[in-house]
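Have the structure open while you read.

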Amino acid sequence: MNHETLPPEILDVARAIAAAGGRAVLVGGFVRDQFFYELELAIPDAYGEPDDIDIEVYGLSLAKLEEVLETFGEVISVGRSFGVFKVKRLFSDKRQDCSFSLPRRDNKVGRGHRGFQVELDPELGFEEAARRRDLTMNSVGWEIPGGKVEDPHGGQADIESRIMRATDPVHFPEDSLRGLRVAQFAARFPAMQPDDELVELCRALDFSDLPGERIFEEFKKLLLKGQRPSVGLEFLRCTGLLRFFP
């Protein structure tokens with residue numbers, strides 16, 4: 001992975017974060033997709049090249065992160081209780097979008113997608129912070145500037161082995177939407193195969209606690225972004241999750 005894949009505005013912000021004593025780590029789908037492209041496992045999504053960039057910032061308080069971001073434009077809080085900010089008009093390319101957040105723990109305390117207690121912790125280690133993510137392929141970080149890869153849960157090896165695996169089998173079932181996310185990933189990246197444990201984890205999920213709009217967004221990705229939507233639908237059938245789509 002190299003800096004050429006990143007908009008220059010992102011590198012400017014990352015350097016400012018480092019100068020303030022923090023550490024910027026790219027996480028999520030943008031990082032995953034870079035490995036996929038390098039291994040020729042994926043073609044660009046139907047929506048175009050990746051346009052969502054997520055950065056976790058370690059070592060800075062929420063107030064200090066907001067102060068640093070304000071030097072680049074108007075800061076918009078899109079989830080202050082989750083420690084998530086965006087910077088208005090950060091990019092010259094309007095298609096790009098970027099979220100800046102603090103590492104956090106998500107503790108399940110109630111039913112449904114809102115039943116989580118969020119604990120922000122700038123000093124949390126990357127391994128623990130990544131544990132709340134769904135799959136190992138989505139749990140790899142890329143520190144910027146510098147390019148150091150953070151991969152405590154073996155996401156790179158799983159991508160190279162074409163395996164989809166739960167990052168943490170204990171926490172995976174806490175959000176039932178993850179079963180539908182696995183289905184849409186199966187459609188988008190048909191070379192990736194869910195391992196037996198992941199199939200069993202998904203088989204035990206119950207979508208009845210999910211609002212329709214969350215289900216719709218993931219199902220839309222399955223259909224519109226999928227290289228082979230039938231693979232995702234087959235995953236829903238074999239896990240019994242298709243019963244939630246009468």
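The model is predicted, so to speak of local features a pLDDT of at least 70 is needed, side-chain atom pairs count only at pLDDT 80 or more, and totals for chains, interfaces and linings use all residues. Residues are numbered from 1 along each chain as its sequence is written, and side-chain values use heavy atoms, leaving out hydrogens and water.

**Strands around β2**
- Strands (E, at least two) and helices (H or I, at least four residues) are DSSP runs, numbered from the N terminus.
- β2 pairs with strand β5 (residues 97–101) in the parallel sense over 5 bridges; pairing takes at least two DSSP bridges between the strands.
- Strand β1 (residues 23–27) pairs with β2 in the antiparallel sense, also over 5 bridges, and R23 has Y58 in β2 as its bridge partner.
- Strand β2 (residues 52–58) is largely enclosed by the rest of the structure, because 5 of its 7 residues are buried (under 20% relative accessible area, 1.4 Å probe, protein chains only).

**Helices α8 and α9**
- The axes (lines fitted to C-alpha atoms over the stretch in contact, with angles from 0 to 180 degrees between N-to-C directions) of α8 (residues 212–224) and α9 (residues 229–238) come within 7 Å and cross at roughly 135°.
- F219, L222 and L223 of α8 meet P229, G232, L233 and L236 of α9 in this contact (heavy atoms within 4.5 Å).

**Whole chain**
- The protein chain has 9 helices and 11 strands.
- Of its 246 residues, 48% count as buried.

How values were computed: Buried < 20%, exposed > 50% of the residue type's maximum accessible area, 1.4 Å probe, protein only.
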